[in-house]
Amino acid sequence: MTEAQILDLLRQVRHPARGDRDVVELGMVHKIDGSTVTLAFPKRRDPLAEYLIGATRAALIRGGIRDPKVETIVIEEAAPKKKGPEFDTDNLRYVRHIVGVASGKGGVGKSTVAVNLACALARLGYKVGLADADVYGPSVPLMTGTEGEQPMAEEIDGKELIVPLEKYGAKWMSIGYFAERGQALIWRGPMASNALKQMILQVKWGELDFLLVDMPPGTGDIHISLLQEVPMEGAVLVTTPQEVALADVEKGAAMFRNKNIDRPIFGLVENMAWFTPAEHPDEKYYIFGRDGGARMAESLGIELLGRIPLVQSIRESGDCGEPAALGTRPDAQAFLDLAGRLAEKLG
Ligand SMILES: Nc1ncnc2c1ncn2[C@@H]1O[C@H](COP(=O)(O)OP(=O)(O)OP(=O)(O)O)[C@@H](O)[C@H]1O
Ligand SMILES: [Mg+2]
């Protein structure tokens, strides 16, 4: 492929915080050497650096380059400062409680619980933010009806921060805001992990009572690295009630109880605790078994913080971007109760 062809591919890579101009136009393409592209960044820490590296790789792969490499160089404006840690936690200074919402397994309703819990806490009068730490399958934009919106970047004290979106009385941040619609982000190992740290640490959260972190599914390296660098106070675990889910919740709990991490688990949320059909709102069907959540909580030695029913309206309200917790139905009450318990527990 010629350099001109590669440049054409790179014109598809837009910098969301620079008026959506592409990296070629912005003069960020420093060098093209075979299938290796070097991007130049004017600052030591562009908050979207990791995102741009991923997007560049994706554009090159789409253009037919099998295994492109993307390197970066930094063009310092001023004399380099003495080297500190890669990320700092300054922006979390005014955040009282940082709580991870995790599970050992995917698809149990973590994001649904996280988004609704954030809305419920906001309804109770708390200042709340939610960081979507699922860089592979971000769902916060869809669930909050903020898809297609683009957060701005702002320079504060010489550092560039991303300004979270505000809706339903809460602040939201997700890598989903920077991905083009329908395009999967192609990450490689440490890139994914850095991108998600940026979504938490390089954000202008301001003063918050609670910052919830919707963790990606599983309990891998990315989780450990996240827990090592983000000062999370503890976690809420989400599960479904079946017996077979116990092993997964145990894995989730073990991750926080690992001796290098050692953070408390504030409690368990039993999602899909029973099924209530829309046409019979007073009926409860325990299709995954009764009291599974209570038994799991007991066996893990943690509190059962809340029980959320399986109802069609929770799924629908998630899909249309108006979280159920904002409504007046019984399922909204379940999220408000959960929020109340968590707030009480953390004082
Ligand atoms: N209590 C509930 N009632 C009805 N539908 C639900 C409920 N909880 C979750 N869902 C639906 O189940 C699906 C999976 O939920 P969600 O995306 O929250 O899971 P997750 O654990 O975050 O998944 P992932 O592991 O992929 O991040 C969604 O379509 C959601 O709307
Ligand atoms: Mg999720």
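User: What should I keep in mind about the model and its numbering?
Analyst: The model is predicted, so local features need pLDDT of at least 70 and side-chain atom pairs count only at pLDDT 80 or more, while totals for chains, interfaces and linings use all residues. Residues are numbered from 1 along each chain as its sequence is written, and chains are lettered from A and ligands numbered from 1 in the order in which they are written.

User: What makes E1 and E2 a pair of strands?
Analyst: Strands are DSSP runs of E with at least two residues, numbered from the N terminus, and two of them pair if DSSP finds at least two bridges between them. Strand E1 (residues 29-33) and strand E2 (residues 36-41) have four bridges, so they pair, in the antiparallel sense. Val29 stands opposite Leu39, and Ile32 has Val37 as its bridge partner. Two residues lie between the strands of this hairpin, where Gly34 has a positive phi near 60 degrees.

User: How do you know that E2 pairs with E3?
Analyst: Six bridges join E2 to E3 (residues 69-74), and the two run parallel. One of the links is Thr38 with its bridge partner Glu71.

User: Why is the sheet called open and mixed?
Analyst: Its three strands follow the order E1-E2-E3, with mixed pairing. E1 and E3 stand at the edges with a single partner strand each, so one side of each has no neighbour in the sheet. On average, neighbouring strands are turned by 20 degrees against each other, direction ignored.

User: Which strands does helix H1 touch?
Analyst: Helix H1 (residues 3-10) packs on the sheet and touches E1 and E2, its direction making about 135 degrees with that of E1. Helices are DSSP runs of H or I with at least four residues; axes are lines fitted to C-alpha atoms, for helices over the stretch in contact, with angles from 0 to 180 degrees between N-to-C directions. Helix H2 (residues 49-62) lies across E2 and E3, at about 150 degrees to E2.

User: How do you know that domain 1 and domain 2 are in contact?
Analyst: Contact requires C-beta atoms, placed from the backbone, to lie within 7 Å. By that rule, 13 residues of domain 1 are in contact with 17 residues of domain 2. The bounds, 3-74 and 90-346, come from an automatic or database domain assignment.

Methods:
Two residues are in contact if their C-beta atoms, placed from the backbone, lie within 7 Å.
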